[in-house]
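Please read the points below with the structure open beside you.

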Amino acid sequence: MPGKNFYITTPIYYVNDVPHIGHAYTTIASDVMARYKRMCGFDVMFSTGTDEHGQKIQQAADQRNMTAQQLVDSVMVNFKNLWKELEITNTDFVRTTEARHERVVQYIFSRLMEQGDIYKGSYEGWYCVPCETYFPESQIGGEKLCPDCGRPLQNMTEESYFFRMSKYERPLLDYYEKNPGAILPQPRYNEVLSFIRSGLRDQSISRTSVSWGVPLPGDERHVIYVWFDALINYLTVCGYPDNEELVEKYWPTVNHIMAKDIIRFHCIVWPAMLLALGLNPPAKVFSHGWWTVEGEKMSKSRGNVVDPFEMAALYGVDAFRYFLMREIPFGSDGDFSERALVGRINSDLANDQGNLLNRTLQMIDNFTGGVVPSHSGTEEDLDREIRAMALATLDSYRARMDSYAFDEALKEVWTLIRRANKYIDETMPWKLGKEGNLERLGPVLNTLCETLRFTAAMVSPFMPATARKIFDQLGLSGDPTELLLDELEWGQIPEGSRVSKKAVLFPRIDLKEWEKQKAERDARKGATPDPGDHEDEVSIDDFKKIELRVARVVKVEPVPKADKLYRMDLDLGYERRTIVSGIREFRTPEELEGRQIIVICNLKPASLRGVVSNGMLLAAETADGKSLALLTVDQEIAPGSRVH
Ligand code: MSP
């Protein structure tokens with residue numbers, strides 16, 4: 001079907017663990033592209049989802065004493081919530097345990113079986129359980145360690161169904177030779193091609209050793225291998241095979257985004273499956289780089305996994321999105337550090353972008369009564385230079401965006417922003433204002449507002465809320481995230497638009513204060529066991545040693561010379577006791593007196609600022625340490641009751 005259609009996908013993420021910045025990165029990048037394409041007039045389908053089958057998920061569920069279904073149902077929600085929080089505009093969210101998906105997987109399996117592209121055989125090889133992959137001898141060396149994760153491999157023999165991938169070696173090579181832009185960046189294309197040229201082997205696509213998967217039609221001792229199942233999600237979203245119209249509309253345009261860890265599945269196995277089905281291979285597979293954290297690989301055992309919810313809560317969704325897209329070229333590896341994020345907020349967002357808006361609005365307030373002046377007046381070369389630069393920036397921005405060079409696109413916009421700040425210094429509108437030179441002031445302020453409008457439009461795929469705020473403060477109607485770039489022209493600010501200066505977009509972060517808070521956060525994290533970290537497991541007997549009871553707060557008094565501490569007298573039914581608690585900045589004595597709280601009663605007494613504390617109350621605290629909630633009971637109960 002002709003027309004401007006665009007289908008973009010993220011990988012579907014494993015739900016054996018919570019989402020981290022790596023997942024957020026891929027999804028934000030895909031969202032930026034989806035938003036940009038909409039602004040170019042494309043009808044966009046944008047899918048993400050969760051990969052919920054396989055041994056890895058089963059094992060994670062076993063470790064947590066849950067069924068696999070319970071695990072996937074609960075963890076999947078974290079991904080959905082994160083995408084909402086990060087303003088992701090996906091049009092579908094697919095789960096591989098959904099009936100609509102399982103049906104498509106079984107259909108494709110049966111069809112390929114019927115046409116002879118799948119056959120039954122047996123498989124012997126070195127298998128990595130966590131990666132769910134067999135590795136050929138040539139890749140694993142004498143120690144038989146997984147080339148991907150480094151863990152020991154197991155020698156396994158299984159009856160298995162095979163997909164005749166070898167048959168598609170030549171057709172794949174032909175396709176890629178004709179379409180060199182189908183795998184980006186270029187080094188990945190070369191890698192994939194040389195892998196195909198080294199010879200493709202048929203791919204095992206079923207397991208008898210796993211039960212958590214899509215049952216294999218006609219042979220229920222097998223489940224379908226998790227990767228064969230997962231890749232098909234991209235067609236499920238297209239309504240394949242029933243919705244021919246949707247498939248025809250979107251499938252030829254599909255762009256798959258992911259990191260380089262999974263390109264072989266996407267550039268070899270998946271296109272071969274598609275060729276077998278008579279469909280075109282993905283129009284583009286873009287593989288981005290890998291994030292480390294402060295120079296180290298991100299991992300739970302290192303305790304350095306960055307939580308995207310926390311980053312968004314601390315620094316704001318837009319600043320977080322901007323940083324990820326600006327910090328490293330899309331396609332290269334990069335290192336995440338909060339310090340670098342704070343640096344970008346202070347320089348690019350607060351200083352450059354925020355200042356341009358503030359200075360402009362302030363002068364409009366001061367000199368033209370809050371109304372954006374029209375362009376008529378004495379125009380000078382400088383104004384013409386800025387206008388020409390804004391138009392040229394829009395062109396180069398589009399060229400960069402079209403080739404996934406997000407960081408370059410942002411650099412183009414910031415060159416314009418910095419130039420406009422310099423233009424303020426050069427034209428000195430405050431001087432023109434004081435002199436009452438409205439002839440000249442009009443074009444200058446108008447040029448600044450137009451530049452701001454252009455930059456708001458261009459940053460809107462990256463920072464949608466910020467773009468809206470800029471429009472709002474400039475007094476412009478309409479949503480910048482919905483405008484069409486083809487229709488963006490200079491001089492469209494309506495006559496008489498009234499600006500309204502509001503809170504600054506990005507307040508500067510005081511580095512000294514930030515360092516103090518970061519140190520406190522790190523200390524708190526160090527003291528908090530990671531919920532998924534089973535090295536810190538305690539037995540039920542250990543837990544029973546802790547005596548938790550309900551207590552009523554009788555009296556609360558500040559501890560002298562300690563601005564964070566309260567002395568709290570508690571009624572435990574069988575006795576009165578005193579504890580000292582550090583919640584003074586969060587609650588007044590009146591808010592606490594009379595309430596029922598939960599207390600650890602058998603904690604070793606400790607003296608805090610001269611007052612002996614005989615226990616500790618329980619409370620939950622947000623990651624930024626700014627808010628706290630007390631643990632309490634959901635109905636009145638006798639003081640002293642045990643909490644189990
Ligand atoms: N379930 C498979 C994908 C199946 S798609 C048909 C899977 N899931 S995953 O949860 O492990 O996600 C892998 C993807 O997450 C990577 O390809 C990448 O997009 C993203 N990232 C995970 N960690 C990352 C970094 N440290 N850095 C950058 N991206 C990362 O593989």
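1. This is a predicted model, in which local features need pLDDT of at least 70 and side-chain atom pairs count only at pLDDT 80 or more, while totals for chains, interfaces and linings use all residues. Residues are numbered from 1 along each chain as its sequence is written, and side-chain values use heavy atoms, with hydrogens and water left out.

2. Among the 24 residues around the ligand, those that come nearest are I12, T26, D51, D261 and W291, where near means that a heavy atom of the residue lies within 4 Å. The largest share of this shell, 4 residues, is supplied by β1.

3. A ligand oxygen lies 2.6 Å from an N or O atom in the side chain of T26, and a ligand nitrogen is 2.7 Å from an N or O atom in the side chain of D51. Of the 670 Å² of accessible area that the ligand has on its own, the protein covers 94% (Shrake-Rupley method, 1.4 Å probe).

4. Strand β4 (residues 118-128) runs antiparallel to β6 (residues 154-163), to which 10 bridges join it, and Y123 has E158 in β6 as its bridge partner. Strands here are DSSP runs (E, at least two residues). β4 is also joined by 3 bridges to the antiparallel β5 (residues 133-135), and here W126 stands opposite F135. In the hairpin of β4 and β5, with 4 residues between the strands, E132 takes a positive phi near 50°.

5. F543 lies in helix α21 (residues 540-544), helices being DSSP runs of H or I with at least four residues. F543 is partly exposed, at 36% relative accessible area, a term that covers values between under 20% (buried) and over 50% (exposed).

Conventions:
Pairing = 2+ DSSP bridges. Buried < 20%, exposed > 50% of the residue type's maximum accessible area, 1.4 Å probe, protein only. Polar contact = N/O pair within 3.5 Å; in protein donor to acceptor, adjacent residues only side chain to side chain.
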